[in-house]
Amino acid sequence: MHVGFEMIDAFAESLGISMNIPLCLIISGFVGDAPVLLAKPQTYMNLSGESAGPLAAYYKLPLNRVIVFHDDMELPCGVLRLQEKGGHGCHRGLKSVINHFRGNREFARLRIGIGRPPGQMDPKAFLLQKFNATARERIDAALPEGVVALRCILFEGLTRTARWLNQEQKYKYIRSETMST
């Protein structure tokens, strides 16, 4: 399953909104007085920008108010990172989003670590397989942490939340590295 979609589902559930309705691709709601719009692009992951670009344009969303959730093989499984802006880091889906935002990189990303493929496994095969039990456990633990961060962004702002979350996740990363050696 797409971990970005899982984060959307977890956040929607925390708002009392179900996105498990068939064909439910876009839903809006509020956190306090702050409006939120959640969307699940229905293109291949590598072509996510084909949905995200027109959606942002249609709703006239300033890109500094957009947060893209995506998997990241460069982070250990279950570790989160919140960035205010940046490049695509060889992530094809993120590259597509940047291209369809007309090259603008001024949008936030919530990176969800899925770890590296084991041994010589093809990264494409790794991305398409189901998580093993340990990875599933780590992802399931990370989802509520991401929900807390997303809610925090609305009340504390992106910069402050990123500083807090990334510091917390740094310790999680150090613990995961210590446990794996």
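**Exercise 1. Locate arginine 102 and lysine 60, and state whether each is buried or exposed.**

Step 1. Arginine 102 is found in the loop between helix 3 (92-100) and strand 5; helices (H or I, at least four residues) and strands (E, at least two) are DSSP runs, numbered from the N terminus. The model is a predicted one, in which local features need pLDDT of at least 70 and side-chain atom pairs count only at pLDDT 80 or more, while totals for chains, interfaces and linings use all residues. Residues are numbered from 1 along each chain as its sequence is written, and side-chain values use heavy atoms, with hydrogens and water left out.

Step 2. Arginine 102 counts as exposed because its relative accessibility is 82%. Buried means under 20% relative accessible area, exposed over 50%, and partly exposed in between (1.4 Å probe, protein chains only). Although not a glycine, arginine 102 has a positive phi of about 55°.

Step 3. Lysine 60 lies in the loop between helix 2 (49-58) and strand 3. With 71% relative accessibility, lysine 60 counts as exposed. Its phi is positive, about 55°, although lysine 60 is not a glycine.

**Exercise 2. Describe the surroundings of aspartate 72.**

Step 1. Aspartate 72 belongs to strand 3 (residues 67-72), and its 11% relative accessibility is why it counts as buried.

Step 2. A polar atom of the aspartate 72 side chain lies 2.7 Å from the backbone nitrogen of glutamate 74.

Step 3. When neighbours within four places in sequence are left aside, aspartate 72 is in contact (heavy atoms within 4.5 Å) with Arg111, Ile112, Gly113, Ile114 and Gly115.

**Exercise 3. Determine how helix 1 and helix 5 cross, and which residues meet.**

Step 1. The axes of helix 1 and helix 5 come within 9 Å and cross at roughly 55°. Helix 1 is therefore oblique to helix 5: angles under 35 degrees count as roughly parallel, over 145 as roughly antiparallel, 65 to 115 as roughly perpendicular and the rest as oblique. Axes are lines fitted to C-alpha atoms, for helices over the stretch in contact, and angles run from 0 to 180 degrees between N-to-C directions.

Step 2. On the helix 1 side, Val3, Glu6, Met7, Ala10, Phe11 and Ser14 meet residues of helix 5 including Ile139, Leu143, Val147 and Leu150.

Step 3. Phenylalanine 11, leaving aside its neighbours within four places in sequence, is in contact with Val31, Val36, Leu38, Val147, Leu150 and Arg151.

Notes
Polar contact = N/O pair within 3.5 Å; in protein donor to acceptor, adjacent residues only side chain to side chain.
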